[in-house]
Amino acid sequence: MDRIPILKMGHFLLVTIQVDLYDRLALSLENDLINMVSQVDAKGVLIDISAVSIVDSFMGRILGNIASMTKIMDAETVVVGMQPAVAITLVELGLTLSGVHTALNVEKGMELLQKRIGKDQTGEEEDYDSND
Amino acid sequence: MIVMTKESLQILKEQDVILFRNRVKEFATKIGMSLLNQTKLITAASELVRNMLKYANGGVVILEIIGKDRVTGIRLTFTDKGPGIADIRLAMKDGYSTGKSLGLGLPGAKRLVNEFDIKSEVGKGTTVTIIRWKNGI
Ligand SMILES: Nc1ncnc2c1ncn2[C@@H]1O[C@H](COP(=O)(O)OP(=O)(O)OP(=O)(O)O)[C@@H](O)[C@H]1O
Ligand SMILES: [Mg+2]
């Protein structure tokens, strides 16, 4: 079966989704990413969806799952390049990608990750809500 | 109301979702629907076709290009022979799900199109019809 390649760049993992994903491909991406975050001890995950023309509740849920799972493993997920039409449609559908950071493009996403990771490493303990 | 093009597609497995979405895209492009309206229509269609697969093991979709008062649009009719929906009012509520999901599919799809109609009979099946006009808001 096809797989979506995951690139490792320093502490970050980069995924570029080139096509509208079949469900099984999306699910295997979720699995692969989570495994890889723990294997290489990644601090951030960048998912480029600029080529994705439709995000429905299934795809939205996958992105949300990836964000919350990586969070548990102390990594941040940023989704970059969401097309404006997709963003507007998601709001109307009622899907809030809670816990998912977004950025305009890969470059801005990298900056965001760098900032958040820098903040984590300067000492201050982050509070994790253990009850949700 | 006149029907200019009509075609039906069977939806039986998960892979059919993308094929179906691509076909809707071709129809919408053919009538010159804006990208935003296309995205809304296809996303709504994707939710409905997923429901059909999840709750009724699939079904049939009729795709039509329709015209009314010189306005063109796309009408999609989703028909399944699944268990049906006992309380449609409840099913149309945001957050209501019997599938441990978000319960966004039906109410969300309704928000994304210009016309939405749902009919269901327990034990017989469900039919959902949506219309998105080319230039409707
Ligand atoms: N074709 C169908 N046949 C039978 N029951 C259906 C059908 N479509 C929807 N339902 C019922 O209506 C409920 C609401 O559907 P809706 O799509 O809004 O939410 P969901 O599928 O549960 O969650 P989501 O779409 O957010 O993943 C479903 O949980 C299911 O009980
Ligand atoms: Mg649904």
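This is a predicted model: local features need pLDDT of at least 70, side-chain atom pairs count only at pLDDT 80 or more; totals for chains, interfaces and linings use all residues.
In what follows, a residue is called buried when its relative accessible area is under 20%, exposed when that area is over 50%, and partly exposed in between, with a 1.4 Å probe and protein chains only. By that scheme B:Asn57, with a relative accessible area of 66%, is exposed.

Residues are numbered from 1 along each chain as its sequence is written, chains are lettered from A and ligands numbered from 1 in the order in which they are written, and side-chain values use heavy atoms, with hydrogens and water left out.

Let me stay with B:Asn57, which sits in the loop between α2 and β2 of chain B; helices (H or I, at least four residues) and strands (E, at least two) are DSSP runs, numbered from the N terminus. Its phi is positive, about 55°, although B:Asn57 is not a glycine. As background, most residues other than glycine have a negative phi. In chain A, A:Asp74 also has a positive phi, near 70°, and this residue belongs to the loop between α2 and β4 (76-80) of chain A, where A:Asp74 is partly exposed at a relative accessible area of 40%.

Now to the open space, and which residues lie closest to the centre of the largest pocket? A pocket here is an open set of points, on a 1 Å grid over the protein atoms alone, with protein on both sides within 12 Å along at least five of seven lines, whereas a cavity is a set where a 1.4 Å probe fits but cannot get out, and lining residues have an atom within 4 Å of a point. Grid points are joined across faces, edges and corners, and a volume is the space filled by probe spheres set on the points. The largest pocket holds about 820 Å³, and of its 36 lining residues the closest to the centre are B:Arg50, B:Asn51, B:Lys54, B:Tyr55 and B:Thr98. Helix α2 of chain B gives the most to this lining, with 9 residues. By type, the lining of the largest pocket divides into 19 nonpolar, 9 polar and 8 charged residues, where Ala, Val, Leu, Ile, Met, Phe, Trp, Tyr, Cys and Pro count as nonpolar, Asp, Glu, Lys and Arg as charged, and the others, Gly among them, as polar.

Finally, is B:Glu64 buried or exposed? B:Glu64, in strand β2 (residues 59-68) of chain B, is buried, because its relative accessible area is 5%. Its side chain makes a polar contact of 2.8 Å with that of B:Arg75, a polar contact being a pair of N or O atoms within 3.5 Å, where within protein one must be able to donate a hydrogen and the other to accept it, and residues adjacent in sequence count only if both atoms are side-chain atoms.
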